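Subject: Structure for you to look at

Hello,

The structure we talked about is below, with the sequence alongside. My notes on what was found in it follow.

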Amino acid sequence: MRVRFAPNPSGDLHIGTAHTAFFNWLYARHEGGVFVLRIEDTDPETAKPELVDPIMESLRWLGINWDEGPDIGGSFGPYRDSERRTNHEETVEQLLSAGAAYRCWCTREQLEARGVKAGYDRHCRMLSDADRATRSAEPAAIRFAVPDGRDVVVDDLVMGEVKFEYADLQDRVIVRSDGSPLYLLAVTSDDVAMEITHVLRGADLLPSTPLQILITEALGADLPTFAHLPLLLGENKGKLSKRKGSDGVLSFRERGFLPEALVNFLALLGWSSPTQEEKLSVEQIIREFTIDRVIEHPAVFDTTKLSWLNQQYIIELDDADLVRRVVELDPSVPVDVVQPMAELIKTRVTTLAEVPDAIRYIHERPKLETSKWLGTDEANNTLEAVAEELGSLEPWTAQAIGEAIQKVIADLGLNRRKGTKPIFVAISGSEVSLPLYESIELIGRSEAVARLRAASSG
């Protein structure tokens, strides 16, 4: 079996489009088939490297590899429609010769003058051969000729049997008057030429399926099996946003999500494991993925669930891997701070992007904000006593620091919360931070004492 992912290039790969790519890839890997990447850049404005490269970068980051394509220095590049013009022209000639397509000279103004507000009245389809010969030198679009009276039934693996009435089918333009192919012609021509056996795509493309079936039949080719995948909805149950950069795959990388977590989450949007588990390795997903478990209803993109999954994957990282990924995301993060705190960081962040802020107070003295835990005689006495105790403490270890602070708090007759909160605020600038004693050890004696005394003096 052969599947293809054929995005229209527009820069960063939208997460909904990536969902379609992932399901195609999963199906191919489960069935031992071939996954083809093909860029639908029939519009010259989209045939630009800066619009295509992010698609490949996004797929590679997600771990979605394709199996064939033009050689680009030892690896596969994607097929590109802009480089397949000859194939499209041959397809058009085949359709014209078979009477399955015809030239159309109608302009929008002429259609409006005839009262055609939607669709097409087949004016040029009914021209005589003599009329066509008279206009043969004029630029003309090419329309597909829908067979008279032909209803189309799509036997869809996800949607079931979907019937399209003949009355609702239009003779669509498949080639512009400048000779450039439109999506419908290019996608069908390429699917036939590449012997695509299964077409998995978003449910929003279902309306174009009957014409793709009719064109394929007119070419005398075998029909692919169709499966239209559930659309993704935002948390407000509206269509998932496509604002520039807001839901692109690479934006999730920049926000500190792990590719393992994101593909796990994508798998759960419209599909479920037979074990009903939610945290799944990609190997398990491939092993269990079947189309009959894909639902037809839209799936809600729940960022809370994605963040939870992401934290589970972060917790499982070994310390060296966590450090590597954090530094890749933000090269300015000091390794000597992340490394010793790695194990403590894992359970306290949901994304890698939170790490720099979580540890910033360790290597940069925070600005003291107004806090109910500072400024009282009790707080000042506590901070001064702790500063005095730590000033000569040996050894300088988290354990020794903890024991010293607990002793001061006990000597002052304070409970643990009232005694430690002023210290947390003085050291980290916040009531909540990474573990206090380990933080003080990393900050160092002189800086820790300086922060305590600065906070006690107001």
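Thr 46 sits in the loop that joins strand E2 (34–39) to helix H2 (49–62). Bear in mind here and throughout that this is a predicted model. Thr 46 counts as buried because its relative accessible area is 9%, and the limit for buried is under 20%. Apart from neighbours within four places in sequence, the residues in contact with Thr 46 are Asn 8, Pro 9, Glu 40, Asp 41, Leu 51 and Val 52. Gly 11 is 35 residues away from Thr 46 along the chain, and the C-alpha atoms of the two are separated by 9.1 Å.

Next, the sheet. Three strands form an open sheet in the order E4-E5-E8, and the pairing is antiparallel. Its edge strands are E4 (101–104) and E8 (173–175), each of which pairs on one side only. From one strand to the next the twist averages 45 degrees. Four bridges connect E4 with strand E5 (residues 141–144), in the antiparallel sense. Opposite Arg 103 stands Ile 142 of E5. Helix H3 (residues 85–97) lies across E4, E5 and E8, and runs at about 100 degrees to E4.

Further along is helix H12 (residues 319–329). Which of its residues are buried? They are Asp 321, Leu 322, Val 323, Arg 325 and Val 326. These buried residues pack against four helices: H9 (259–267), H11 (303–316), H13 (335–346) and H14 (355–363). The N-terminal end of H12 is capped by Asp 318, which has a side-chain oxygen 3.2 Å from the backbone nitrogen of Ala 320.

The last item is a helix pair. Helix H17 (residues 416–428) packs on helix H18 (residues 436–443) at an angle of about 35 degrees, and the axes are 11 Å apart. The crossing of H17 past H18 is left-handed. On the H17 side the contact is made by Arg 416, Ile 423, Phe 424 and Ile 427; on the H18 side, by Leu 436, Tyr 437, Ile 440 and Ile 443. Sorted by type, the residues of this contact are seven nonpolar, one charged and no polar.

Regards

Notes. Residues numbered from 1 in each chain as written. Predicted model: local features only at pLDDT ≥ 70, side-chain atom pairs only at ≥ 80, totals over all residues. Heavy atoms only, no water. Pairing = 2+ DSSP bridges. Helix = DSSP H or I, 4+ residues; strand = E, 2+ residues; numbered from the N terminus. Axes fitted to C-alpha atoms, helices over the stretch in contact; angles between N-to-C directions. Contact = heavy atoms within 4.5 Å. Left-handed = near helix turned anticlockwise from the far one by under 90°. Nonpolar A, V, L, I, M, F, W, Y, C, P; charged D, E, K, R; others polar. Buried < 20%, exposed > 50% of the residue type's maximum accessible area, 1.4 Å probe, protein only. Polar contact = N/O pair within 3.5 Å; in protein donor to acceptor, adjacent residues only side chain to side chain.
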